[in-house]
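Me: Hi! I have a protein model open and I'm new to this. Could you walk me through it?

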Amino acid sequence: MVTLWWSVLGLLIAAYFALAGYDYGIGMLLRGFGGDQRRVLGSLGPFFLANEVWLVAAVGVLFGAFPHLEGRVFTGAYVLVVTLLLGLVTFTASVQLRGRNPETRGVLWSFGIGAGALVTAVSWGLFLGNLVRGVPAGDVLGLFNPYAVLWGAGFVALFALQGAVFLTVRAPDDLVKRARRLATSLVAPVLAFLVVATLWGFVELEGATWRGIPVVAVAFAALAVVFGGLRARRYRVALVAAMVLAASPVALVGLIRFPVVYLSTVDTLTVEQAATSAETFTLLTAFGVPAIVLVVALQWLTWRANRGRVDQRSPLHF
């Protein structure tokens, strides 16, 4: 039961990165589209809030199924958690508020969207980079170690690539060429991040197991499919590959030292030690599984209803 719920937690967080990653990517790229910003946001509109639900579900499972892990993670990296929340709030509020008065305050809210998305991307990279390397307990400045900073920069490129690829699928026809050009230019920085993080990881990481190797291989393969899909103009294939690529760091964090799920400079925590009681797992199964099924169904219906490009008849939500 413990391993099953660890897998459920991983799938929820991976789904969040796969879906919300292009939200933040579009946010970072938004100001580069000038007068087309509203249409760019319109391509994201139907999915925006639905994508964030996955994070809420993941946090709920973390609190309910692995309370001891939640305590260690949030205590050890509280500074990054705070900056992450600030980025999320700024990004979400700016997206919502921009649509209320885009003519007079559009520039202000566009800046908020870009800044919030950038802070969110960097914070997620720093956070996961520290979880992979090992959290420097009690050392705030240690959270900004070079390996974690590499992850922070890498996540900016990763989410920007995902956002640009998403626009090749959903943006109006006249913006597709620009989105494709942007996405193609971002392949090289993401490749550099994968190569450097992998080689550095072989030297830097302690206690890593062979389980991380297939995850890294999937990440490189997904990036290759993204590049091939862009060149062949198979944009939906490229988008699926970009989503897999964005989810791969989550799998790496969850598997690289399993059954150890948390490593810091002072202690470790196994999945059994992190887990809640058997009674709570029974309760989670009774209520959590139907809720997750409902979220999956609603997400699928949202994609099904909005799988076409934005055009003159499309409602621009923001």
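What follows is a chat about the helices, salt bridges, pockets and surface of this model.

Me: What should I know before we start?

Reply: This is a predicted model, where local features need pLDDT of at least 70 and side-chain atom pairs count only at pLDDT 80 or more, while totals for chains, interfaces and linings use all residues. Residues are numbered from 1 along each chain as its sequence is written, and side-chain values use heavy atoms, with hydrogens and water left out.

Me: Okay, salt bridges. How many does the count come to?

Reply: The count comes to five salt bridges. A salt bridge here is a side-chain nitrogen of Lys or Arg within 4 Å of a carboxyl oxygen of Asp or Glu.

Me: Which residue does Asp36 form a salt bridge with?

Reply: Its partner is Arg178, and the closest N and O atoms are 3.5 Å apart. This pair links distant parts of the chain, with Asp36 in the loop between α1 and α2 and Arg178 in helix α8, 142 residues apart. Helices (H or I, at least four residues) and strands (E, at least two) are DSSP runs, numbered from the N terminus.

Me: Is Asp36 buried or exposed?

Reply: Asp36 counts as buried, because its relative accessibility is 18%. Arg178 is partly exposed, with a relative accessible area of 29%. Buried means under 20% relative accessible area, exposed means over 50%, and partly exposed is in between (1.4 Å probe, protein chains only).

Me: And what does Asp174 pair with?

Reply: Asp174 forms a salt bridge with Arg39, the closest N and O atoms being 2.8 Å apart. Here the link runs from Asp174 in helix α8 to Arg39 in helix α2, 135 residues apart. Arg39 counts as partly exposed, at 26% relative accessibility. Asp36, Arg39, Asp174 and Arg178 are linked in a network of salt bridges.

Me: Why is α2 largely enclosed by the rest of the structure?

Reply: Helix α2 (residues 37–44) is largely enclosed because six of its eight residues are buried. They are Gln37, Val40, Leu41, Gly42, Ser43 and Leu44.

Me: What about Arg133, which side chain does that one meet in a salt bridge?

Reply: Arg133 meets Glu204 (2.9 Å, N to O). Arg133 counts as partly exposed at 29% relative accessibility, and Glu204 counts as partly exposed at 28%.

Me: Staying around there, how far is Thr265 from Arg133 in space?

Reply: They are 9.9 Å apart, C-alpha to C-alpha, although 132 residues apart in sequence. Thr265 sits in the loop between β1 and β2 (268–270), and it is exposed, with a relative accessible area of 56%. Leaving aside its neighbours within four places in sequence, Thr265 is in contact with Val135, Pro136 and Ala137. Contact means heavy atoms within 4.5 Å.

Me: New topic: what volume does the largest pocket have?

Reply: The largest pocket has a volume of about 1,000 Å³. It is lined by 40 residues, and Leu9, Gly10, Ile13, Ala14 and Val250 lie nearest its centre. Helix α1 gives the largest share of the lining, 11 residues. On a 1 Å grid over the protein atoms alone, a pocket is an open set of points with protein on both sides within 12 Å along at least five of seven lines, whereas a cavity is a set where a 1.4 Å probe fits but cannot get out; lining residues have an atom within 4 Å of a point. Grid points are joined across faces, edges and corners, and a volume is the space filled by probe spheres set on the points.
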